[in-house]
Structures are given as structure tokens and as C-alpha cells.
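User: I'm new to this one and would like to go through it piece by piece. Could you help me read it?

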Amino acid sequence: MAKTYSFEALGLLHSSVDESVHNIVTLASSVLNVPISYVSVLDNLKGRQYVSAGVGQIFENNHVRDIPIEGSICTYVQANQKTVAIPDLLKDPRTQNNSLVIESGLRAYLGCPIHTTTGKVIGALCCTSLSPREWTQSDITILEGFARCVDDIVKARTLALEERKARLELQQVVATRSDYIAHVAHEIRTPLTGIIGSIKMLIQSKSDDHSARLMSILNRSADKLLGFVNDVLDLAKLDAGHFESVEEETNIGDFAREILHEFQGLADSKSIHLSVDDELSSNLYFADRSAFQTILQNLVGNAIKFTQAGSVTVRVREDSYGQVLVDVIDTGIGIAPEDHDRIFQEFEQAGSIKGRASGGTGLGMPIVKRLVDRMEGVITVESQLGHGATFTISIPLRAIMPSKAVA
């Protein structure tokens, strides 16, 4: 399943007519014998309903194509997650005082949900008449079939965008792989040199203090080597597709708090305040906890590493498309804008990224990106040198919610 993209990227919002969607709307109007038919998309963050394509005299007035979401009838389709049929809008308590209904003379409404590739309802395919109408099961079946055609358009466009993105990423990977072996050799040789030298000196050492210092060098070098080997193995597993994915019922806010607890000692040693801003409350989702753990451990660990004082905050919320957003916000040294894309490339972090170059394998952030991609999500960064950094992952997780009755 491909990622969810914006309405604009999917072609659902155009200044010109979207022919594919317009053809479905026109056919629905003709088959169901209604004067008005349209596809709406609902942007909950902006509080707007947009008409992607519509037929009927009502749409000669452009302001009808972009209205506040509180004036939308389609919000009831999204709320119910199912088809909504209203025989008489002026007698239904939800719509009898709706200004659009009153001003446009609308009387009957039938709306079927349209979805993202993850199943989230983002709008509706709607038919309305200017007189009351008892919608039959046949009417509902026909319109739901047309709505599935709109879903297929959304899916096809999403897959096309993802395929194009994958081709570009593959070209980039091939271009940067030439430095892989040299970097691996360097990262392995450095701690091995420390380990071998310390062992030889430890054999000859006659001082307990000297031995203790050598043991400390051995410990640090071994930890560095183990960390590098683990990162390389994780990357190899992702390349080979051997990472197992097990989705479990998860409270994202509670999970973030568990991760922060692991770093509390390190944060206290640097006087860094850790907190979780949970806007999801008690919402539950099906999530790959193992992948989420690796992602958050890397992001939070980096945030603390590059913050000398201040705070690290994990904020969890939802966007207009129903995707879960996790922001990791720090008050650290920041990242130059020209390096934002490079930090997700293999080995780029190790010595080449302004402001964040403190050594390391350079594999942490590429692994995070691979895992986010594998979960059909997107990771972005906003940062300026000296002004902290905000990493945001958006992942289309399936929400666990009680079923709702159809109106």
C-alpha cells in the first residue's frame, strides 16, 4: 500500500476541471437522475470543504466550491464512515438550518465516502435533488459503486507518485554507494585499532590506574564497533526485506512516554527537560511497536545528543488525512537548511553535516527513514543553525474505534 499524499498532489484540487473525477460525477448525476452531483474533500485542519468536481447550476457560483466545514453536509459521511441518505434536508435536524441548503434550495442528499489508500474517509461522492426523495437501496448501491471508482483514481495516483519517488531514491542510492565500502572500512578500523592497541598495552601494564584507563578505552571502542555492526545489520535487513512487521494495539502517547523514560538519566545529566505533548488522548492504533521504538529511540537520542541545555518534546497528533504525526522537537544546535535532505542519506552525518557532525556511523537517520518508508509514512525536518530542530514523521496508522450507526 502506498503513502497518502495531499489533495493537491493527487489531483483532487485543481483550478481547472479534473476530467477523470468529473466524468464519474456526470455519470452519477445522469444515472440517478439528479440535477446536482459532486465530489467533496474535507480538510479538517484548515476547516474547509472543497469541491473537486461538480455538475449542476449551483457550482456556477465559485464560493460554493470552497466553504467552511461546519456548513458541509459531507461531514456526516465522514463522521459515520458510511453512506448517509437524507430524504428531506429541511426536516432533518442536522441540516434544516444549514445556510447552503436554504440558499440553494437543496432538499434531498445522498453521500458515499471516498477514501485514502489507508481507508481514511477524506470526503464524499454526493448527489442532491431540489425536491424530497426517498433514496432506494438501488440508488445507494449505484452511488457506492461510483465512489469506489473515485477511490481507484486516488489509489492509482498515489501509487504513481510513490513509484516516481522510488525511482528517484534508487538513482540517488546508486550514486552514493561508491563511498560505502571505504566508510565501512574506516568505521571498523578505528575502534579495532583502539581495541588491539589497548590489549597489547594491557598485557604489559603493571599499574592498576593504567589498566583501568585501558579498560575504559576498550569498552568505548567495543561499544562503538558493536553499534556500527548493529546499524549495518539493521540496514542490511531492511535492504533484504527481512524486517518482520507485527502490528499491535498501541497508545502512541503512552509509547512516547516510555521511550523518553529510557533517556531520562542522560537528559538529567545535561539539564534537559523531557516532555510529551499528547493530542491523541486515549486513541488507540494498530502500530509496529518494534519499528516505532527504533524510530523514536534514534530521534530522541539525537535530539538529546545535539542539545546542550533546554528541552526535548515529543508531540503526537493527527493531520487532516487521519495520519498520526509524531514531532520530536529540540532546542539544540540545529541543522543548516542545505543539509536537511542529506541527513537521511547513508553515512552523510559522519563529518559532513554542518552543526550535527560529531562522528558516528551516519546510519541512524537513514535507518529511521527506511523504517518510516516501510510503514508507508513520511519524515521531514525543520531547522536552522542555532535554533533547534523539529523532526516530524507522518504515518497512516489504522485507528481502533467503535463502529458508528448510519443515519
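User: Which residues point one way from β1, and which the other way?
Analyst: Keeping in mind that this is a predicted model, Ile36, Tyr38, Ser40 and Leu42 point one way from β1, while Ser37, Val39, Val41 and Asp43 point the other way, and all of them are buried. In a regular strand the side chains alternate between the two faces of the sheet.

User: And what does that burial say about β1 as a whole?
Analyst: Strand β1 covers residues 36-43, and eight of its eight residues are buried, so the strand is largely enclosed by the rest of the structure.

User: Which strands is β1 joined to?
Analyst: One is β6, residues 121-129, which runs antiparallel to β1 and is joined to it by six bridges; within that pairing, Val39 has Leu125 as its bridge partner. Another is β2, residues 48-55, also antiparallel to β1 and joined to it by seven bridges, and there Asp43 has Arg48 as its bridge partner.

User: What sits between β1 and β2?
Analyst: The two strands form a hairpin with four residues between them, and Gly47, in the turn, has a positive phi of about 70°.

User: Switching to helices, how does the length of α1 compare with what it should span?
Analyst: Helix α1 has 14 residues, 19-32, which at 1.5 Å a residue should span 20 Å, and its end C-alpha atoms are 20 Å apart, so the two agree.

User: Which of its residues are buried, and where do they fall around the helix?
Analyst: The buried residues of α1 are Val21, Ile24, Val25, Ala28, Ser29 and Leu32. Seen down the axis of α1, they fall within an arc of 135°, so they line one face of the helix. An α-helix has 3.6 residues a turn, so residues three or four places apart point the same way.

User: What about the other side, and what follows the helix?
Analyst: On the other side of α1, Glu19 and Ser30 are exposed, and the helix is followed by Asn33, whose phi is positive, near 55°.

User: New topic: how many salt bridges are there?
Analyst: The count comes to 14 salt bridges. Side chains of opposite charge can pair when their charged atoms come close.

User: Which residue does Arg107 meet in a salt bridge, and where do the two sit?
Analyst: The side chain of Arg107 meets that of Asp88, at 2.8 Å from N to O. The pair links distant parts of the chain, 19 residues apart, with Arg107 in the loop between α3 and β5 and Asp88 in the loop between β4 and α3.

User: Are those two buried or exposed?
Analyst: Arg107 is partly exposed, with a relative accessible area of 22%, whereas Asp88 is buried, with 10%.

User: Which strands does the pair of Glu247 and Arg398 link?
Analyst: These residues form a salt bridge whose closest N and O atoms are 3.1 Å apart. Glu247 lies in strand β7 and Arg398 in strand β14, so this pair links distant parts of the chain, 151 residues apart. Glu247 counts as partly exposed at 45% relative accessibility, and Arg398 counts as partly exposed at 46%.

User: Last one: what does Asp327 pair with?
Analyst: Asp327 forms a salt bridge with Arg315, the closest N and O atoms being 2.8 Å apart. Asp327 is in strand β11 and Arg315 in strand β10, 12 residues apart. At 0% relative accessibility Asp327 counts as buried, while Arg315 is partly exposed at 25%.

Key: Residues are numbered from 1 along each chain as its sequence is written. This is a predicted model: local features need pLDDT of at least 70, side-chain atom pairs count only at pLDDT 80 or more; totals for chains, interfaces and linings use all residues. Side-chain values use heavy atoms; hydrogens and water are left out. Buried means under 20% relative accessible area, exposed over 50%, partly exposed in between (1.4 Å probe, protein chains only). Two strands pair if DSSP finds at least two bridges between them. A salt bridge is a side-chain nitrogen of Lys or Arg within 4 Å of a carboxyl oxygen of Asp or Glu. The expected span of a helix is 1.5 Å times one less than its number of residues. The arc is that of the directions from the helix axis to the C-beta atoms.
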